[in-house]
Structures are given as C-alpha cells and as structure tokens.
Amino acid sequence: MLIDAEGRLVPARYIPSPNCDERPDRNDISLLVIHAISLPPEEFSSDSVIELFTNQLDPQAHPYYQGLQDLKVSSHFFIRRNGEIIQFVPCTLRAWHAGISDWQGRPCCNDFSIGIELEGSDNQPFELMQYSRLIELTLAIQAAYPVSDIVGHADIAPQRKTDPGPYFNWQSYRQALGKIDNR
C-alpha cells in the first residue's frame with residue numbers, strides 16, 4: 001500500500017465525501033485518530049456508514065438515523081469487518097471526523113489529523129483482518145506524512161466519545177508498528 005501525491009491510498013476503493021475542506025496547513029499532518037462506527041449501532045455489513053459519510057443516509061430507514069439527518073461527517077478511511085478499505089477524503093484535505101477535540105493543547109484536531117474508522121463498536125472485538133489492514137494503512141500513512149501520535153477518538157474528545165472502545169487492542173497494534181504502548 002502507498003499514498004500517492006494527491007493523498008489517495010493505492011489500491012483502496014475511493015468514494016468521495018463532500019464532508020471535507022482544505023486544511024489550514026497542508027504540511028501539518030501529525031496525528032492519526034482511530035475511531036469505531038456501526039450503523040445501525042451494533043450491526044455490521046450494511047452500506048449505512050458509506051451513506052452517512054456521503055450525505056445519503058435515509059433518516060426513515062432506521063429510528064436511530066433520525067438523530068443523524070443533519071450531521072455532516074466523514075473520516076478519511078473506513079475499514080470494514082472483512083478488511084476492505086474505503087477512502088472518502090484524500091489525506092491532503094481535512095475530513096470532518098473529530099468534532100470538538102484537543103490533543104496536547106492543540107484544538108481542532110481535524111486540522112492536523114487523519115481519521116480512520118473501523119467497522120465496530122464498544123461492545124465487540126474487532127476482526128483480525130481489520131487489524132492487519134489498519135497496520136498496513138498506518139505504515140503507508142507514516143511513510144507519506146510526519147505522523148507523530150496515534151490516538152483514539154476518546155483521547156481527543158473524552159467528554160463526548162468512547163471509541164474505538166475497550167475491545168480495541170492498543171498493545172498488539174502498537175507492537176506491530178514497533179511502538180511502545182504507554183496506555
């Protein structure tokens with residue numbers, strides 16, 4: 001895997017999201033944020049996350065979706081349970097994934113981060129294939145950009161978020177990257 005000059009992962013499937021804009025500084029990409037999402041909650045393998053990230057989610061399709069109908073969000077990447085990687089936003093642009101956030105005194109983490117959503121939840125383990133793809137993707141991102149920190153959504157928005165949740169194996173992930181897990 002590699003990230004090309006436009007910020008696209010080769011060979012990921014690309015589905016463009018409108019939920020992005022220019023970064024304040026295209027050269028400031030120093031944070032990787034790991035998320036988890038399932039729509040409806042605890043259900044996997046539908047296209048609902050894709051629909052959410054492309055503003056096509058039908059609020060009548062499930063009662064939970066009614067609270068999401070005005071939400072404009074997207075991550076850069078989505079890793080499905082089967083390991084498929086879908087890219088929604090080029091890494092060179094700012095995806096709207098972190099919301100109100102702060103990392104080490106820096107607010108607005110969207111400005112300087114890349115967001116990766118894992119298809120999952122706080123209540124179930126992730127698949128081994130997801131970890132494998134996440135490691136490959138992380139290494140490709142690190143080869144292309146000066147990422148110095150890798151955190152969960154809960155680390156940058158602890159009052160609002162819990163993802164990637166207690167089932168995410170930080171120790172194994174960091175060991176595979178050759179990093180020490182200080183959690």
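## The largest pocket

In this predicted model, the largest pocket is lined by 30 residues, and those that lie nearest its centre are Ala36, Ile37, Glu117, Lys161 and Asp163. Two elements give two or more residues to this lining, namely strand S5, which covers residues 31-37, and helix H1, which covers residues 48-53. Strand S5 gives the most, with 3 residues.

The volume of the largest pocket comes to about 650 Å³.

His153 belongs to helix H3, which covers residues 153-156. Its relative accessibility is 4%, and because this is under 20%, His153 counts as buried.

Once the neighbours within four places in sequence are left aside, the residues in contact with His153 are Val33, Ile34, His35, His97, Ala98, Arg160, Lys161, Asp163 and Pro164. Two of these contacts, Lys161 and Asp163, are also among the residues that lie nearest the centre of the largest pocket.

How many disulfides does the model contain? The count comes to 0. For Cys20, the closest cysteine sulfur is that of Cys91, and because the two sulfurs are 12 Å apart, whereas a disulfide requires them to be within 2.5 Å, they are too far from each other for a bond. Cys91, for its part, is in no disulfide either, the nearest cysteine sulfur being that of Cys20, 12 Å away.

Both of these cysteines can also be described by their accessibility. Cys20 has a relative accessibility of 18% and therefore counts as buried, and Cys91, at 0% relative accessibility, counts as buried as well.

## Backbone features in the loops

Most peptide bonds are trans, and most residues other than glycine have a negative phi. Against that background, the peptide bond from Val10 to Pro11 is cis, with omega near 20 degrees, and Pro11 is placed in the loop between strand S2 (9-10) and strand S3 (13-14). The peptide bond from Leu39 to Pro40 is likewise cis, with omega near -15 degrees, and Pro40 is found in the loop between S5 and H1, the two elements already named for the lining of the largest pocket.

Asn55 is not a glycine, yet it has a positive phi of about 60 degrees; Asn55 lies in the loop that runs between H1 and strand S6 (77-79). With a relative accessible area of 32%, Asn55 is partly exposed. Cys108, also a residue other than glycine, has a positive phi near 55 degrees, and its place is in the loop between strand S10 (106-107) and strand S11 (113-119). At 44% relative accessibility, Cys108 counts as partly exposed.

## Helix H2

Helix H2 covers residues 128-144 and has 17 residues. From its first C-alpha to its last, H2 reaches 25 Å, which is close to the 24 Å expected at 1.5 Å a residue.

Which residues of H2 are buried? They are Gln130, Tyr131, Leu134, Ile135, Leu137, Thr138, Ala140 and Ile141.

Definitions and conventions
Residues numbered from 1 in each chain as written. Predicted model: local features only at pLDDT ≥ 70, side-chain atom pairs only at ≥ 80, totals over all residues. Heavy atoms only, no water. 1 Å grid on protein atoms, 1.4 Å probe; cavity = no way out; pocket = protein on both sides within 12 Å on 5 of 7 lines; lining within 4 Å. Points joined across faces, edges and corners; volume = space filled by probe spheres on them. Helix = DSSP H or I, 4+ residues; strand = E, 2+ residues; numbered from the N terminus. Buried < 20%, exposed > 50% of the residue type's maximum accessible area, 1.4 Å probe, protein only. Contact = heavy atoms within 4.5 Å. Expected span 1.5 Å × (residues − 1).
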